[in-house]
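Student: I would like to learn how to read a helix and a nonpolar core in a protein model. Could you take me through them step by step?

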Amino acid sequence: MAAGDVHEVRIADSDTWFPALEGERILRAAQRAGVWLPFECGWGSCGTCKVVLLEGAVSALFDDAPSASPRDARRGRILVCQSSATTDLVIKPSWVSGEPRPEFDTDSCAAVLVEEEDLGPDIRRFRFRLDRAIGYREGQHAILDLGAGLRRCYSMANLSGSADVDFIAKRYDGRPGSERLFSLGKGAEISIEVPYGEMWVRGSERPLCLVAGGTGVAPILGMLRGLVATSDPRPTHVFFGANTRDELVCWADLVGLAGELHDGRVTGALVRPGPGWDGARGFVTDALAPALPDLTSATFYLAGPPVMTDAVLALLKESGVQLDRIHYDSFG
Ligand SMILES: Cc1cc2nc3c(=O)[nH]c(=O)nc-3n(C[C@H](O)[C@H](O)[C@H](O)COP(=O)(O)OP(=O)(O)OC[C@H]3O[C@@H](n4cnc5c(N)ncnc54)[C@H](O)[C@@H]3O)c2cc1C
Ligand code: FES
């Protein structure tokens, strides 16, 4: 089959089918056709999009996807977010719908990089203008197609509902995705799929505890902006950890937003505090641990590098916080 060929993907035991281009992610082809299959992260970590492949053959686009296992391969289960059809297919998902779930009306948008702002050492805010206004739950992420097969997740830091989306990203030396993002330059055109992910503030009476490490501040800022915009009355405590004061980016924004809430506060923690820092010292867990007795009924939202989310999850588990009160995005 040549590039550009179209394959027919049929849903088992139904009349539903959709066309999938050679090389196109099956999940994306389904979304394009208005056939809604289960999905969540969009990139291979959650496993929600697994379907049984009953007929045909696919090409796996990310062999190291965290949720792809040899057992799944033996049982004919594939991730539709990271597979493309190489023949006509028959698949069996756990459900199929003609309507997207309210939080997952995901689409691919053409985007232009219109603004860049250096916030800290190798940390930058990128504003992309999409070809239309889009809706998401603050805290969710997008998938940026950076070209040549490089797709990377970044969380929106601004309020939903506009054509402009802000991301806060860190550049890692020698690592292709973030290096590509930082080298795009104003005016660059890419495509962005949005929204994905389960990170958004759930409605309940419980107090909120938002915990960010490094660029994990992006979704936490988005959530805080959402809480301010809706005048959310819940007590909200934000913890933000970084190595140095320079890396504690958007600190003034966090403090300002928390100040607009009915009962909001922010605690910063620095591993290497310079002179003049009067906040907490050490890891974000060192700041969070002594506050936990006051947060026994809170719902927790965590975002940041895996080392940070793992440490916070372990602390919360040790402290007896029930898993259904913890939502997190691990940036790995
Ligand atoms: C839900 C989520 C939200 C995130 N939000 C932010 C954010 O707001 N700011 C920020 O700075 N970082 C964020 N990240 C991390 C970001 O996506 C990158 O992992 C990080 O920038 C390092 O990427 P890199 O390309 O420089 O490193 P690399 O080492 O090149 O890439 C590492 C990451 O890319 C993933 N990956 C590799 N191949 C593929 C593929 N084919 N398809 C999809 N993924 C692939 C890997 O699993 C790994 O997570 C987020 C990650 C996730 C999962
Ligand atoms: S693995 Fe999460 S949507 Fe595919």
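Tutor: We shall look at a helix and then at a core. This is a predicted model, in which local features need pLDDT of at least 70, side-chain atom pairs count only at pLDDT 80 or more, and totals for chains, interfaces and linings use all residues. Residues are numbered from 1 along each chain as its sequence is written, and side-chain values use heavy atoms, with hydrogens and water left out.

Student: Which residues of α7 are buried?

Tutor: An α-helix has 3.6 residues a turn, so residues three or four places apart point the same way. Helices here are DSSP runs (H or I, at least four residues), numbered from the N terminus, and buried means under 20% relative accessible area, exposed over 50%, with a 1.4 Å probe and protein chains only. In α7 (residues 306–318), the buried residues are M308, T309, V312, L313, L315 and L316. They cover an arc of only 160° around the axis (taken from the directions from the helix axis to the C-beta atoms), which puts them on the same side of α7. The face turned away from that side carries the exposed residues V307, K317 and E318.

Student: Which residues touch the most other members of the largest nonpolar core?

Tutor: A nonpolar core is a set of buried Ala, Val, Leu, Ile, Met, Phe, Trp, Tyr and Cys residues joined through side-chain atoms within 4.5 Å. The largest has 32 residues, of which I168, L210, V217, L224 and L254 touch the most other members. Helix α4 (217–229) gives the most to this core, with 8 residues.

How values were computed
Chains lettered and ligands numbered in written order. Helix = DSSP H or I, 4+ residues; strand = E, 2+ residues; numbered from the N terminus.
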